[in-house]
Amino acid sequence: MGHRIGIITDSVADLPAVVVEALDVKVVPIHLLVDGQSYRGNESSLDRQQFQRSLRRSTSPPQTAAPSYQEFILAYQALAESGVEAIVGLFVASQLSSIFNQARYAAELFQDVPVRILETGQVSMGVGWQVVAISEAVKRGAALPEIEALAHGVKRRTHVVGVLGSLEHLRRSGRVGWAQATVGDLLQIKPVIEFYGGEARLLNRVRTQRRGVTWLIEWVRKVAPVERLALLHTGMEPGTLNPIKAALQMCVANGEVWVVEAGPVFLAHIGPTGIGVAVVCGENKGA
Amino acid sequence: MVGAALSWLRRHQAAINALNVFPVPDGDTGTNMTLTMTSAWQEVEPQREDSVGKIAAMIAHGALMGARGNSGVILSQIWRGFARSLDTKTRMDAGDLAEAMQQAADTAYKGVVKPVEGTILTVIRETAEEAQLAAHETQDLEMMFERMLQRARKAEARTPALLPVLRQAGVVDSGGQGLVVILEGMWRHMKGMPVVESERLAQVVDLATAVDHPHPDMTLDALHFDSNYPYDVQFIIAGYDLDVDAIRQRIEAMGDCPLVVGDSRAVKVHVHVSDPGAPISFGVLCGSLSDVVVENMQDQYQEFIAGRDAHPVMGPGIEVPVAFVQAEPQLIGVVVVAAGEGMEQVLQSLGATVVVEGGQTMNPSTADILKALDQLTTSKAIILPNNKNIIMAAEQAAEMSDLEVAVVPTRSVPQGIGALLALDQQATLDGNVAAMVRSASEVMTGEVTRAVRDVNLNGITVHQGDVIGLLDGILVSAAASFAAVVRDLIGKADIDDRELVTLYYGEGVAEGEAADLADELTAAYPSLEFEVIFGGQPHYPYLLSIE
């Protein structure tokens, strides 16, 4: 039997497939075009590798295609038919993508059950953690007003911080004003970017990945202990990831670190290489 | 008296410059002290003032504004202490002089974070001690001055005994010697002895025909010079049986545009060379030198160009990155010191607001840095001196500025670049300084240059003209070619934790040459990434940033 409230998100949330299945969350795929080749946002890791390779080679910026509002209506329809009494939608930040507006427009048109589209202000597992928190509340049997209040609280405590290979893709994505305003770097510079409240902010600039990772771990230590933490990466070896994971584990209240590979849509905007964290800070700590 | 000190100092400038411990083209102490004293003299010369307190105050102000290099800054502090002691006095007696000398020494010591003995500090301290002793025994200022000078000379001679690095290099401290020369000039003036160059020599040599070196009022074409020979060296050799032809032969072999004229008693030498030390050393062997002038034509050339065309027009298609355009308003202005067109562009692209031209061979003065601070539109500023010999002038400028200014004591341009990366316009000045100091400390700097004299340091024997390599300021390599030294530097650096090596190629290195070297190194060190960037810096064919 279905839950009383259905949850819908997009593939930018980067939720691992096993989690999607366990939480019974509906994921709307987002289409990607790189040099004329189409990729779906939630495909297997084999496709991801292929996608990353083509992203590295590609000279033109990848195109993302947000689903049309009809696709959202169909998705709501499917959920309603499975027996939910209300739907909560959590998507990538409205400032960064048109997905939110398409979903909201579809929600206004959809009459069968009430649909609440909540602003996450986030990307990747920053959206993912909010989906996880809401679905846990749904399982507990929480009602819609309680869920909306909870979502608002979690959103305020969710940060995504990452070291990108370069600023180039973010600049070309045209979604971050200040990045567009920069000129090309003369030196190899790896920007440390924070996503929070729908905005991308430059926290630091480093020259090597190692310095970036050190900085990242220190950043997490400053906001520790955190409630939830995901280590986001772009197809790195366990040998590289394990020591970082171990360092981060001490910063999480329950010692649990999810290792999540960033999905193609996110990569299309931040570039093929990078490493980061998505954290939900403790109740009393804002970052 | 100050004018006499300056003339005497000018006369010995080259000799003091030759006392560098490191065989690198260094921030020349003689030049820095002379420029500092010149600024002091310019302040006091046009005034008709006989109050000793007021004169001292003017000298102190002039020295402060013109202070260049660490030796210049310490010299300006000596004058500051001296002037403060005399203050409202109109005349000075033996007791006043002793007291002023004591204050001068105290102020100089206070200005240095970690005072080191065997330097100019030792010389001023001992001279002040002698002044105290002498004041008890005599009221005659001339006699007192003579004793002070003798003691200063002794202190200077003892500097190698106090400072191992001087002993190893076989030289006395250059700043200490500069101070002795200043005292000597004053004393000669008191005794009525000449301090200007001998007019007898100038009459022997027809200077009108001898002077053909580039002069700022000549045409642009006349200013073009061979950048392989950037130094214009002139001097007069005095002797008894000089062989003009033999001297000419030797000088002609050293460089470009040689001119050797004169007779058996005096010879005027003029030549363009890569190393000004070579003709001077040779001249000393022939007789006694006077009228020594060493000029960096490259600097003159650039100044000339800058003065003539302040807004160079860029050709079409040349993309010049202007600045890191911040979305956030600029709250903190950043003043950096650097030399080289490429370096300037890199620094500006990372958020430097004003680049003050300067570096190892030309230390900007306190006033130069203050001028840069004045250009800022922000209320807070950070200075990146990028050279250990500029840190004190930067600190002095920071103290004098109306802005809230912090100095991040970076010792190389790569360190400065590291610091700049951590700049956060949203953070406090203190927060920025902490982050920038740390970021700078994570950068290992490699420098490749030519030795300006023979030396044996750290077990490495260097001959003048050899290519040498320094890692974080320590001499670690000497070899025949630039590329060989770069290879050696990376071989000697602790690269276990390092990922990225940036090769900033400077004057005298072609882009292709640097790229080939990087390719070769990439093959040799698979764990490192090599980046080749145009720096255009003078005197350092390669600067390495190992991160």
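A nonpolar core is a set of buried Ala, Val, Leu, Ile, Met, Phe, Trp, Tyr and Cys residues joined through C-beta atoms within 7 Å. The model here is predicted. Its largest nonpolar core has 224 residues. Those with the most contacts inside this core are B:Ile59, B:Ile383 and B:Tyr542. Take B:Ile59. Leaving aside neighbours within four places in sequence, B:Ile59 is in contact with B:Val2, B:Ala40, B:Glu43, B:Val44, B:Trp79 and B:Ala83. A second core is separate and has 16 residues, including B:Ile236, B:Ile237, B:Ile247 and B:Ala266. In soluble globular proteins, nonpolar side chains tend to be buried together.

Now turn to chain A. Here 6 strands form an open sheet with mixed pairing. The order is β10-β9-β8-β13-β11-β12.

Look next at one pair of strands. In chain A, β11 (residues 226-233) and β13 (residues 274-281) run antiparallel and are joined by 7 bridges. A:Leu229 has A:Val279 in β13(A) as its bridge partner.

Helices pack on this sheet too. Helix α9 (residues 209-223) of chain A touches β8 (158-164), β9 (190-196), β10, β11 and β13 of chain A. The direction of α9 makes about 0° with that of β13(A). Helix α10 (residues 238-249) of chain A also packs on the sheet, touching β11 and β12 of chain A. The direction of α10 makes about 165° with that of β11(A).

How values were computed. Residues are numbered from 1 along each chain as its sequence is written. Chains are lettered from A and ligands numbered from 1 in the order in which they are written. This is a predicted model: local features need pLDDT of at least 70, side-chain atom pairs count only at pLDDT 80 or more; totals for chains, interfaces and linings use all residues. A residue is buried if 20 or more other C-beta atoms lie within 10 Å of its own, exposed if 12 or fewer, and partly exposed in between; C-beta atoms are placed from the backbone. Two residues are in contact if their C-beta atoms, placed from the backbone, lie within 7 Å. Two strands pair if DSSP finds at least two bridges between them. Helices (H or I, at least four residues) and strands (E, at least two) are DSSP runs, numbered from the N terminus. Axes are lines fitted to C-alpha atoms, for helices over the stretch in contact, and angles run from 0 to 180 degrees between N-to-C directions.
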